[in-house]
Amino acid sequence: MKLLKNNLLIQIIIAIALGSVLGNYLPESIGRIFSTFNSIFGGFLGFSIPLIILGLIVPAIGNIGKNAGKLLIITTAIAYGSTLFAGFISYGVSISTFPSILATEQMGDITESTKNLAPYFNIEMPPMFDVMSALIISFILGIGISKGNFKYLEGVFNDFQSIIMSLINKAIIPFLPLFIFGIFLNMTYNGQVFIVLDTFIKIIGVIFLLHIFVLLFQYVIAGTISKQNPIKLMKNMLPAYFTALGTQSSAATIPVTLEQTLKNNVDPKIAGFAIPLCATIHLAGSTLKIVACAVALMLVQGQAVDFMLMVGFICMLGVAMVAAPGVPGGAIMASLGVLSSILGFDTEQQSLMIALYIAMDSFGTACNVMGDGAIAIIVNRISKNTAITEA
């Protein structure tokens with residue numbers, strides 16, 4: 001029971017399984033109770049997303065900019081570049097392979113089904129401002145705080161970040177399994193659940209292979225720059241990889257990641273700076289998953305996947321990943337605003353993205369953590385070449 005209580009992945013799997021079965025047997029009157037909860041929770045989630053963006057991005061940008069020396073700028077640039085690379089590789093492979101893999105899957109727009117379980121009532125929760133406004137406000141405030149001496153404003157947003165993290169951990173994450181149960185209950189009721197589950201299974205293998213490719217690419221670069229064997233470097237980082245599989249958290253894996261990074265001949269000062277920073281700002285594996293899942297969901301729902309739209313989405317997603325907390329499910333929560341504002345995903349599509357993401361959360365986190373070690377090697381070499389010593 002303790003494992004069930006503390007493991008979001010197991011809760012999500014159980015929710016999907018129960019929703020996929022009980023949708024065939026529960027009377028409509030009971031199903032509508034869960035639909036009512038989903039309506040309320042979905043409205044609350046929509047209300048919260050702009051606040052989540054504001055609470056995560058403003059302190060992230062503000063704190064990254066504090067005392068921004070060359071080493072910090074270089075590490076951030078490499079992490080962002082790695083995240084963009086993973087996103088564009090994921091898009092390229094997904095748009096090339098998913099149309100044939102998912103050719104038999106076509107469920108249209110979930111929200112337009114005529115057989116949906118209708119909620120008994122709705123509670124309107126309009127957000128205080130839309131997602132794009134929240135992003136723009138966050139950039140303005142974050143950059144302003146990083147460049148000026150606004151101690152009071154910085155403290156306010158650091159406290160606000162704590163409130164938002166509490167909101168995510170206590171008011172959103174605990175109810176996600178019930179929300180996803182309601183989604184799959186409804187999809188079973190209207191006959192779409194097997195299409196979704198089949199989609200899950202088909203894309204998981206592709207995403208796992210993409211993770212392996214991205215890690216190999218990162219370590220070939222790191223090995224070339226540092227003049228070390230990439231395979232040996234990766235082998236040294238395997239304990240961090242497997243620890244991340246268990247913790248599903250980049251932050252919780254920092255001690256192991258740091259210890260293994262030192263075995264790759266990285267200066268302790270550089271490792272002590274780069275690993276904790278990358279645990280927060282480098283989420284290449286998470287970006288890879290989110291892009292692939294978004295493309296898959298758009299394809300099975302018959303939405304057009306426009307190249308320029310996806311370019312903007314991936315670039316903005318990379319920024320959102322900088323603000324993502326290094327905790328289980330943190331990346332997908334930080335990405336909801338971008339999914340909504342750029343790709344137009346509604347709350348039900350966002351919930352499917354959460355389910356898809358959480359199902360593969362361990363592997364994405366492990367990819368993030370292993371990639372952190374590669375970045376530390378690269379930064380270490382650059383720091384030696386340019387005599388950068390600040391941390």
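Modeller: A residue is buried under 20% relative accessible area, exposed over 50%, and partly exposed in between (1.4 Å probe, protein chains only). By that rule, 52% of the chain's 391 residues are buried. This is a predicted model: local features need pLDDT of at least 70 and side-chain atom pairs 80 or more, while totals for chains, interfaces and linings use all residues. Numbering starts from 1 along each chain as its sequence is written, and side-chain values use heavy atoms, without hydrogens or water.

The chain has 16 helices and 0 strands. These are DSSP runs, numbered from the N terminus: H or I of at least four residues for helices, E of at least two for strands. Contact means heavy atoms within 4.5 Å. Of the contacts with a separation of 6 or more, 85% join residues 24 or more positions apart.

Now to helix α7, residues 176-189. Its 14 residues should span 20 Å at 1.5 Å a residue, and the end C-alpha atoms are 20 Å apart, which agrees. The expected span is 1.5 Å times one less than the number of residues. How many of its residues are buried? The count is 12 of the 14, so α7 is largely enclosed by the rest of the structure. Leu176, Pro177, Phe179, Ile180, Phe181 and Gly182 are among them. Further along, Ile183, Phe184, Leu185, Asn186, Met187 and Thr188 are buried too. After α7 comes Gly191, with a positive phi near 85°.

Next, His211. This residue lies in helix α8, residues 193-226. His211 has a relative accessible area of 3% and is buried. Beyond its neighbours within four places in sequence, His211 touches Gly285, Leu288, Lys289, Phe363, Gly364 and Cys367.

Helix α12 (residues 284-300) packs on helix α14 (residues 330-341). The angle is about 45° and the axes are 11 Å apart. Axes are lines fitted to C-alpha atoms over the stretch in contact, and angles run from 0 to 180 degrees between N-to-C directions. The pair is therefore oblique: under 35 degrees is roughly parallel, over 145 roughly antiparallel, 65 to 115 roughly perpendicular, and the rest oblique. α12 passes α14 in a right-handed crossing. That is, the near helix is turned clockwise from the far one by less than a right angle; anticlockwise is left-handed. Ser286, Ile290 and Ala294 of α12 meet Ala331, Ile332, Ser335 and Leu339 of α14. This contact has 5 nonpolar, 2 polar and no charged residues. Ala, Val, Leu, Ile, Met, Phe, Trp, Tyr, Cys and Pro count as nonpolar, Asp, Glu, Lys and Arg as charged, and the others, Gly among them, as polar.

Helix α4 (residues 70-101) and α11 cross at roughly 40°, their axes coming within 10 Å. They are therefore oblique to each other, and the crossing is right-handed. From α4 come Leu71, Leu72, Thr75, Thr76, Ala79 and Thr83; from α11, Ile270, Phe273, Leu277, Cys278 and Ile281. By class, that contact has 8 nonpolar, 3 polar and no charged residues.

Last, two loop residues. Most residues other than glycine have a negative phi. Lys227 has a positive one, near 60°. Lys227 sits in the loop between α8 and α9 (230-247) and is exposed at 70% relative accessible area. Asn265 has a positive phi near 65°. Asn265 lies between α10 (254-262) and α11 (268-281) and, at 53%, counts as exposed.
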